[in-house]
Amino acid sequence: MIECKNISKTYKSGAAETKALKNVSFKIKEGEFVAIIGQSGSGKSTLMNIIGALDVPSNGSYFLDGSDISSLSEDELADIRKKKIGFVFQSFNLLKRTSVLRNVVLPLIYEEMDKKKREELARKALRGVDLSEDHFFHLSNQLSGGQMQRVAIARALVNDPAIILADEPTGNLDSKTGDIILKTFIDLNKKGKTIILITHEQSIAEYASRIITLKDGEIIEDFDNNEKSKLIPILKNK
Amino acid sequence: MLYRDLLEETFLAILSNKVRSGLTALGIVIGIGSVVAMMSIGQGATADITSNIQSLGSNLLIVSPGSQGGVGSNVRQGQGSAQTLVLSDSDAIKENISSAVSVAPTVSTKKQVIYKTNNTNTSIYGVDAEYLVIKNLEMEFGNFISDSVKRNSRVAVLGPTARDDLFGENVDPVGESIKIDTQKFTVIGVTQAKGGTGFGSSDDLIYIPLTTAQTYFTGSEVLSNISVQVESEELMVVAQNEINTLLLERHKISNSEEADFSIMNQSDIMDTVSSVTGALTLLLGAIAGISLVVGGIGIMNMMLTTVTERTREIGLRKSLGAKRKDITMQFLMESIVLTVVGGVIGIFFGWAVSWLVGKFGDMTTVVTFSSIFLSFGVSAFIGLVFGYYPARNAASLNPIEALRYE
Ligand SMILES: Nc1ncnc2c1ncn2[C@@H]1O[C@H](COP(=O)(O)OP(=O)(O)O)[C@@H](O)[C@H]1O
Ligand SMILES: [Mg+2]
């Protein structure tokens with residue numbers, strides 16, 4: 001469902017040029033759980049922005065569900081994001097002083113869905129990330145970090161996107177809360193969601209069934225981690 | 001995005017920073033409020049003057065001395081400053097112009113008037129019986145100057161304001177005697193109030209017989225003006241032309257451009273006055289409009305701050321699929337709602353101010369629907385204009401950079 005063909009991205013700021021991605025090619029099939037790993041500055045976020053239709057490559061083509069979206073306009077890209085992509089950010093990006101439920105409903109407002117139906121879907125998504133009903137009407141800034149990130153995941157899930165893109169989702173959390181979030185992703189993947197997880201920590205990448213390693217804007221390894229990922233204790237515990 | 005959702009988002013955003021939103025809207029409240037109040041004062045003055053002019057009487061021509069070069073020059077020279085109109089002119093009009101129903105020659109002057117210890121400086125009008133008919137005057141007490149009043153008799157009819165000044169309100173002064181300049185006069189009547197204050201009021205004056213005024217005060221045959229009531233509206237132009245021809249002949253002037261008198265009808269007067277009061281209203285409105293612009297700049301300032309503060313939120317919304325239009329509308333709506341709410345409060349505020357001015361400021365104020373509609377439209381327009389730039393800034397943010405914004 002995702003196919004990148006010779007993708008390059010060059011940032012120009014004044015005279016300086018940064019080649020953030022160089023000739024990157026790979027495919028991701030539906031239902032995969034892929035970790036993209038690499039050191040800071042290796043081009044992970046740049047790649048995620050392109051996969052997530054937030055940005056377009058400077059060169060090469062990006063096929064999402066068979067259609068080339070590497071040269072779409074700003075508003076056409078917004079449409080793709082609305083329908084196919086769910087983002088999870090390191091810093092959660094919830095609306096402050098806004099209820100949990102309203103945060104989760106937000107993507108559906110842009111789909112012009114009616115109020116009753118979208119609240120139903122939001123509740124379902126929140127239950128899907130194990131957030132208890134008591135918290136639905138709390139303001140987002142009254143929650144703990146782990147709860148906030150689960151609300152953010154619910155928001156990414158609510159419009160039933162094909163792909164969940166998570167850029168360092170555990171980066172702002174302690175390791176115990178981080179594990180709960182990772183488990184949420186593993187559960188979602190078991191239910192059939194395609195998940196792309198970006199991280200710079202090997203230990204987190206190990207949870208994925210496939211690990212793509214980036215270095216200086218190039219793929220240096222594409223590793224099938226399926227067998228090993230099943231041995232990770234967190235999976236056995238539940 | 002559905003309009004209902006857009007409005008909901010807007011109100012949530014506005015309420016999430018109540019103090020700032022309130023202060024920003026206050027700028028608009030004051031702006032719109034002062035426009036409404038100022039316009040009401042301007043329009044009140046217009047209404048006042050208009051009703052005064054209408055109360056002059058209907059189908060009226062006023063012949064004044066002085067050159068004819070248009071209304072403006074007549075005003076500049078001042079009525080009565082030229083001495084070209086005399087009583088025989090008035091008699092000639094009465095005899096020769098068939099469409100002239102009544103002709104009222106008038107002299108006017110200003111004199112000190114004394115009753116016991118009270119005194120006032122007021123206009124003294126020398127008139128005859130026909131004046132009552134032409135000006136639609138009605139009596140509160142006693143009688144007006146009639147044809148049976150003897151030449152040069154020293155009797156006076158008071159306007160209600162003059163009566164109030166000399167005798168006190170609601171007093172019947174008939175039979176009392178007053179001193180105008182150095183002459184003793186007997187009060188024979190008081191006219192009813194015709195309403196209207198300030199300019200052109202017909203309440204603050206004293207009427208005496210024309211012959212008396214000429215004998216004791218102006219000392220000649222010279223008139224201040226001649227009011228002519230024409231039989232019907234349709235005959236106004238004919239009458240005006242006939243009087244013009246008659247007086248030119250009498251004054252032995254062959255070129256009508258050099259006429260030493262001028263004839264105005266009510267609509268001429270109305271035109272002059274309404275162009276003046278219209279300019280006054282516009283001026284007042286424009287001064288108040290400046291505060292409205294300041295209020296609009298306040299809105300723009302707040303919206304720019306809001307957009308900067310909410311950069312991340314804008315990035316997030318874009319990542320969720322919000323289009324340019326969605327973001328533009330969201331911020332535009334915020335500024336429009338702020339200005340419209342401010343505008344509505346401002347209208348009530350301006351209304352209240354104009355009511356207070358009318359009640360305690362001894363001024364007529366009129367709040368018209370057009371000024372309310374105008375203010376409402378202007379406030380929405382200001383929201384649109386001053387909100388557009390910040391909203392467009394928000395919509396054109398790059399989502400990736402917006403999401404990274406600290
Ligand atoms: N908007 C940008 N403008 C210029 N250079 C950028 C921009 N975004 C990223 N870069 C550069 O591109 C390279 C890859 O960045 P990024 O994709 O953020 O890496 P990672 O997420 O792996 O840390 C870095 O050298 C970074 O400095
Ligand atoms: Mg990064």
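**Exercise 1.** Work out how helices α5 and α6 of chain A lie relative to each other.

*Solution.* Start with the axes: those of α5 (residues 145-157) and α6 (residues 175-190) of chain A come within 9 Å and cross at roughly 20°. (Axes are lines fitted to C-alpha atoms, for helices over the stretch in contact, with angles running from 0 to 180 degrees between N-to-C directions; helices are DSSP runs of H or I with at least four residues, strands runs of E with at least two, numbered from the N terminus.) Angles under 35 degrees count as roughly parallel, so α5(A) and α6(A) are roughly parallel to each other. Next, who touches whom? Contact means heavy atoms within 4.5 Å; α5(A) brings residues including A:Ile153 and A:Leu157, while α6(A) brings, among them, A:Ile181 and A:Phe185.

This is a predicted model: local features need pLDDT of at least 70 and side-chain atom pairs pLDDT 80 or more, while totals for chains, interfaces and linings use all residues. Residues are numbered from 1 along each chain as its sequence is written, chains are lettered from A and ligands numbered from 1 in the order in which they are written, and side-chain values use heavy atoms, leaving out hydrogens and water.

**Exercise 2.** Find where A:Gly66 sits, and say whether A:Gly66 is buried or exposed.

*Solution.* First, look in the loop between β4 (59-64) and β5 (67-68) of chain A. Then check the relative accessible area: 66% for A:Gly66. Buried means under 20%, exposed over 50%, partly exposed in between (1.4 Å probe, protein chains only), so A:Gly66 is exposed.

Conventions. Angles under 35 degrees count as roughly parallel, over 145 as roughly antiparallel, 65 to 115 as roughly perpendicular and the rest as oblique.
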